[in-house]
Amino acid sequence: MFGKSLNSTHSSARGRALRLRLTVAASLALLGLVSARAQDFSKSFRVLPSASAVEVVNKMGSVTIVPGDAGAVFVTAVRNGANITAVQLPDGKVRLEVTSDTPVDFKLTVPAASALNVLCVMCDNGIVVKGIRGEILLRTTKGSIQITGARSPRVEASSTSGDVRFDGEILPSGSYTLKSFSGRVAAFLPAGASFRLNATSFRGGMDLQDFPMNFERQSDKFVRALVGSDKATVNLWTQEGGILLRRKN
Amino acid sequence: MDCRSVIHSLSDYVDGHLAQPDAQWVESHLRRCPPCQTVKADLQEIRSAARELPLHAPPRALWARIQQEIESGEHPPARRAAATQRGWWQRLGEKRFTFTLPQLAGAGALAASLLVFTAVRSNLFVPTQSLQPVKGGGAVSLVAPNSQALQAMQSRIEERLNRLNTRKAGWDPQMKQVFEEHLKRIDYSLANTRQTLEANPDPDQQQMLLDLYKEKLQVLDDFDKLR
């Protein structure tokens, strides 16, 4: 009885182990399917590291761009059934465009020196750009913009109703324009940065106290001032939001 | 001494402007000449009557003209002859005019009307309109100050609005809503800024208006780029 019972117990344990294995396998398969469904658009392009350019036109959703392989642009997206055109133009530029009224969340890995030109009209999840050294042109009607770790000679980031935040280097002779009609504009710059500042906030006020500056013009709405030399230009503009200029820690 | 010489000096004698020897000489003649006595009596009567007339100050322009004539030493006939050889514009510039107050007021009103008419005809000002709803769901905002940049911006906005209005029917409802809400918000700011600018036309307000037009154009461009 004891032996029969032992055999029965052993058989039951093997059954449980088998069921566990099957469950794990099924879970992994399901996870894989879900993952494939989540990242249902994927494409890569070979590009010249020094002349890489990427253009994105997205109707709604989000765009995230980070630096990666110096000779390639990788694109993944949650398509949600949207029509996405992804092509490489004769000049080497990679162009992505959504032509249906469906939200698409793009994730791009690009060479750090890439020039970016992004339009994401209804970008509820925002435009995020990290660690880029090429020209950055970002535009959204509805949505926020975040640029971090940038070392770019030219930045133009503009949102109509979202916040715009820049955290990066100011290069000599560089041009940096951050605009928002109704959102907040914030710039986090290195302590030793030199630039000419043009700041305009019609209704939201300005906090510019972190940098010692020589004011050429100062009112509650407009500030024109010099921080160090005037080789670079920083333009901060908002109609209804506030302006924040901070030294990076 | 004859009567002609006495009569020539008689006016100065009556006014008491003759020197003593000449005055004695006129008096001796008058004692012997009744016709000259009659002339003397007439002159005195005229003088008395003139004293009773009210004093009228001559206009400034008269004194200025007299002074100019004295200084230039030019006699009126000679000046008229010279004037015929000059152009009408030069002659007009040399003329002196005097006007009554009603005449001046009338002329001022006429000049103001002409100025406004000319300004409007030559697009010196863009006519100011109140906020009006338009097809794009936004509003057309025109502004008084003459600025080519503003006018160019307005025509580009109109062009984009017309184009987008034809496409908007086929848009996703959410997209349509975002488009109209954003334009409405910018138009509201434009209307406020325009009102402020009309009350206080300073360059900052004008710059603000230009920035708002740029923002509106930017939103229109965003949607125009979508396929």
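I count two residues as in contact when heavy atoms lie within 4.5 Å. The model I am reading is predicted.

**Entry 1: α8 and α10 of chain B.** I took helix α8 (residues 148-167) of chain B and looked at how it packs on α10(B). The axes are 10 Å apart, at an angle of about 25°. Angles under 35 degrees count as roughly parallel, so I call α8(B) and α10(B) roughly parallel to each other. The crossing is left-handed. From α8(B), the residues in contact include B:Leu150, B:Met153, B:Ile157 and B:Arg160. From α10(B), I noted B:Leu209, B:Tyr213, B:Leu217 and B:Asp221 among them. By class, this contact has twelve nonpolar, one polar and eight charged residues.

**Entry 2: α9 and α10 of chain B.** Next I checked helix α9 (residues 173-199) against helix α10 (residues 203-225), both of chain B. Their axes come within 9 Å and cross at roughly 165°. α9(B) and α10(B) are therefore roughly antiparallel to each other. I logged this crossing as left-handed. B:Phe179, B:Leu183 and B:Ile186 are among the α9(B) residues that meet α10(B). On the α10(B) side I found B:Leu212, B:Glu215 and B:Val219, among others. The classes here are 14 nonpolar, five polar and four charged residues.

**Entry 3: chain A against chain B.** How many residues does each chain give to the contact? Chain A gives 28 and chain B gives 23. The two chains bury about 2300 Å² between them. Carbon and sulfur atoms hold 58% of that area. I found five salt bridges across the interface. I also looked up A:Arg139 and B:Glu215, whose side chains meet in a salt bridge at 3.7 Å, N to O.

Notes:
Residues numbered from 1 in each chain as written. Chains lettered and ligands numbered in written order. Predicted model: local features only at pLDDT ≥ 70, side-chain atom pairs only at ≥ 80, totals over all residues. Heavy atoms only, no water. Axes fitted to C-alpha atoms, helices over the stretch in contact; angles between N-to-C directions. Helix = DSSP H or I, 4+ residues; strand = E, 2+ residues; numbered from the N terminus. Parallel < 35°, antiparallel > 145°, perpendicular 65-115°, else oblique. Left-handed = near helix turned anticlockwise from the far one by under 90°. Nonpolar A, V, L, I, M, F, W, Y, C, P; charged D, E, K, R; others polar. Buried area = accessible area lost by both parts, 1.4 Å probe. Salt bridge = Lys/Arg side-chain N within 4 Å of Asp/Glu carboxyl O.
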